[in-house]
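Hello,

I am passing a structure on to you, and I hope you enjoy looking through it. Please open it first, and then read my notes below.

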Amino acid sequence: MSERLHRLLLGLAGLAGFGLLLEALPRWGVVSDRYLPPTSRILGELFERARHRPLWDAVFNTLGTWAIGLVVAVAAAVVLGMVIGTVPLLRAFTASTIEFLRPIPSVAWISAAIVLYGPVKMGTLLIVVYAAFWQMLVQVLHGVADVDPVARDTARSYRLGPLARIRWVTLPTALPYLATGLRLAATVALILTVTGELFVGTPGLGADILRASSSGATAGVYALVVVTGLLGVAANLLFRTVERRALSWHPSVRTEVPA
Amino acid sequence: MLEVRGLHKVYDSHGRRVEAIGELTFAVEDGQFACVVGPSGCGKTTLLRCIAGLLPATAGEVWVEGSRVTGPPPGLAVVFQEYGRSLFPWLRVRDNVELPLRAARMPRAKRRDLANWALAAVGLEDAHRAYPWQLSGGMQQRVAIARAIAYQPRVLLMDEPFAAVDAQTRADLEDLIRSVWQRLGVTLLFVTHDIDEAVYLGERVIVLSAAPTHIKEDLPIDLPAERDQLTTRGDPRFTELRAQIYSLIQKSKQASPAPSKELS
Amino acid sequence: MRVLGWLLWRLVLIFALPAVLVALWWQLSADSSHFLFRPLSEIWEAFRETWDRQRLVEDVLPSLNRLARGYALSLVLGIGLGVLVGSSRTLRSLLEPVLEFLRAIPPPVLIPLIALFAGLGDARRVVIIIAGCVWPILLNTVEGVRAVDEVLADTCRSYRIRGGRRLYHLVLRSASPQIMTGARQALAIGIILMVIGELQGTQDGIGHTIEQFQTSFQYAQMWSGVILLGLLGVALSLLFRLADQWVLRWYHGLRATEKER
């Protein structure tokens, strides 16, 4: 059978095996079913919740916060990154500041977010935008730096204005980096969206998980965790595909590697 | 002492059966320098890999030093074409040369001496602290050769080792390998697509046919043992042998249809 | 003389913008009576008072200790499993979807679940860190192991380099650039999870302290904690850079050479 089909079948077998394992463990008493409900119960709970509005509200809330945060962060990072990246002096001066601000964990802002905004979207957005921005900025800077100096000089010698140069030289070179940055920023953004919902109280899947957990609805917690995971997988697939498309047009060899 | 008996290799790739080697039988005596040439896609590399124990044969046997080859045999070293990829980039040159000896549990002092000797033999005694990627292509291939001879093999296999270097470097390396062979007395099987090189280097040239591969001709090279880029290549006997092999290969290219996959 | 000039210029480049920004911040916040955004001078005072030796030992050290344990275990687990999975095509195909799913779950979401299993103690906090850190390490190790150069692998086979030696000299060192990429991502995630794990229901830790300040309206102290976190992040990032330079010295040299060609 073909290679691809073989891999697909193995993958499905792996998933099935995993599900069966999680079904068996609590049923055989290896793990208490108060801590780990069997897969069937979790899936049952999942489908039950899917029939009612609250789950979908939570999903849309999470997606909304995530999307807004991502868009803001990416827009800011691309603009700032392009500007800083194309002016060597700016780059040199901002390098130390960026290197300092970058590793500051976004969660440091959780307390401030809680105080400032309380359990609304804004608070979480603060954290999401902060984290996603840096992920994206770093990639944009790499992308602009990767521009082939020969190509750039050629464009200059043909008297292409700065905007045209960005369009024809910088952007195509930077595209794969932008795609990677988008994927990394999206991943981080989702993590922080849910974190914000858990700790700041913003409505969404995180908040629902907290509620389910404090009311002892363990199967519900697992079900919601599965939903969150599926969301993450979908996002990952989406952005990986985008990244691959951007790469397939790009002639050069890339070094930044997937996580 | 190297014996190939009835070697036959078939690949299954993407649902197609490709016969890389039809039937090969030959023997290389102790200490002989034998070259293998043939048209592109005639399975030269496949042959080498089967002898090296890196590829199982579909049928037939390979015997090295009296033992049948089922996996990489001891006392056999291989020098690959892609020198850049066969050296460990995280090890310095001398550590690269010593690594197979470490694996063979040789004591440190002896390892060190052998490595130094091998590097001196290829003219790289000063480069032992460098990393491979700091060296030129020719020098990297020398390191690979040093590593092979430090291993003190009875049989040395070389797979188009000089194909990826420039002509000048190739000439130097050719002379180097001949002198190394003369000093050590190893049995050397040298695969190449370059007819001139095969005639210049070998005591004997095995000419392979196009796929399904078999031996077209087995020519003894009756040139003097002392060879030199200028005089030997100008020798009329050299030109004769060269022409003979060239026409053999041309004929075999016309006789068979185009070789099936890039399976050289 | 030239070297001195060059050195001075580099110092200017590094410190100019930060100095300007800090000065700006100091000035602009000086008259602040906002309940949350305290003047920088006040925050600086609070910093010096709050983070004294005692607090460093009682809060900062335990946090770092948990991070170290979680990170180290993640490395062991991630690299160990990664080598296993990466070496077998069948295992990879089998496990890929499951791993993709598990790693897509944002670690904070697992906290309530982990609390069920691991109780309320230190172990829980370390498990949370592992739950997030292990994935980038694992997945990058798998990639790195998968991409070991064929010619190099053949070289090892023909020279009969096997077993543990092969594992170290061929597999691990070949995959090390990739593993380091994963380790770097894991570090960032680890710091985040270290803090998150300490919110709500701990006895000690940096995150716990910051949260305490926040709930008791001591905002200057809270900000001082945020700054400390930032400094910590930077320090760990620098440490990682050093480790990276040491482990991947050969790799950086190799890439530099390739770029020139």
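**What I found**

Let me start with one residue: A:L90 is found in helix α4 of chain A. Please keep in mind throughout that this is a predicted model.

A:L90 belongs to a nonpolar patch on the surface, together with A:V79, A:V83, A:V87, A:L89, C:W9 and C:V12. The accessible area of these residues together is about 600 Å². Which elements give two or more residues to this patch? They are α3 (53–86) and α4 of chain A, along with α1 (2–29) of chain C.

Now for chain A as a whole. The C-alpha trace of chain A spans about 75 × 60 × 30 Å along its principal axes.

Next, the chains and their neighbours. There are 2 pairs of chains that touch, and the most contacts are between chains A and C. Chain A and chain B are joined by no contact, and their closest C-alpha atoms lie 8 Å apart.

**Chain A with chain C**

Here 55 residues of chain A are in contact with 58 residues of chain C. The two chains bury about 4900 Å² between them, and 77% of that area is on carbon and sulfur atoms.

How many salt bridges are counted between chain A and chain C? The count is 2. One to look at is formed by the side chains of A:R240 and C:E100, at 3.5 Å from N to O.

On the side of chain A that touches chain C, the elements that give two or more residues are α1 (3–27), α4 (88–101), α5 (110–117), α8 (162–199), α9 (205–214) and α10 (218–249) of chain A. Of these, α10(A) gives the most, with 12 residues. The residues on this side of chain A divide into 36 nonpolar, 14 polar and 5 charged.

**Chain B with chain C**

In this pair, 31 residues of chain B are in contact with 24 residues of chain C. The buried area between them is about 2500 Å², and carbon and sulfur atoms give 60% of it. Which three residues supply more than any other three of the area that chain B buries against chain C? They are B:R85, B:W90 and B:W133, which supply 31% of that area.

Between chain B and chain C the count is 2 salt bridges. In one of them, the side chains of B:R49 and C:D154 meet at 2.8 Å, N to O. The count of residue pairs in polar contact between chain B and chain C is 9, with both residues at pLDDT 80 or more.

The elements that give two or more residues to the side of chain B that touches chain C are β6 (76–79), α2 (83–86), α3 (93–103) and α5 (137–150) of chain B. Among the elements, α3(B) gives the most to this side, with 4 residues. The residues on this side of chain B divide into 22 nonpolar, 2 polar and 7 charged.

Methods
Residues numbered from 1 in each chain as written. Chains lettered and ligands numbered in written order. Predicted model: local features only at pLDDT ≥ 70, side-chain atom pairs only at ≥ 80, totals over all residues. Heavy atoms only, no water. Contact = heavy atoms within 4.5 Å. Buried area = accessible area lost by both parts, 1.4 Å probe. Salt bridge = Lys/Arg side-chain N within 4 Å of Asp/Glu carboxyl O. Nonpolar A, V, L, I, M, F, W, Y, C, P; charged D, E, K, R; others polar. Patch = residues over 30% accessible without salt bridge, like charges linked within 9 Å, V, L, I, M, F, W, Y side chains within 5 Å. Areas by Shrake-Rupley, 256 points an atom, 1.4 Å probe, with all protein chains shown as cover. Polar contact = N/O pair within 3.5 Å; in protein donor to acceptor, adjacent residues only side chain to side chain.
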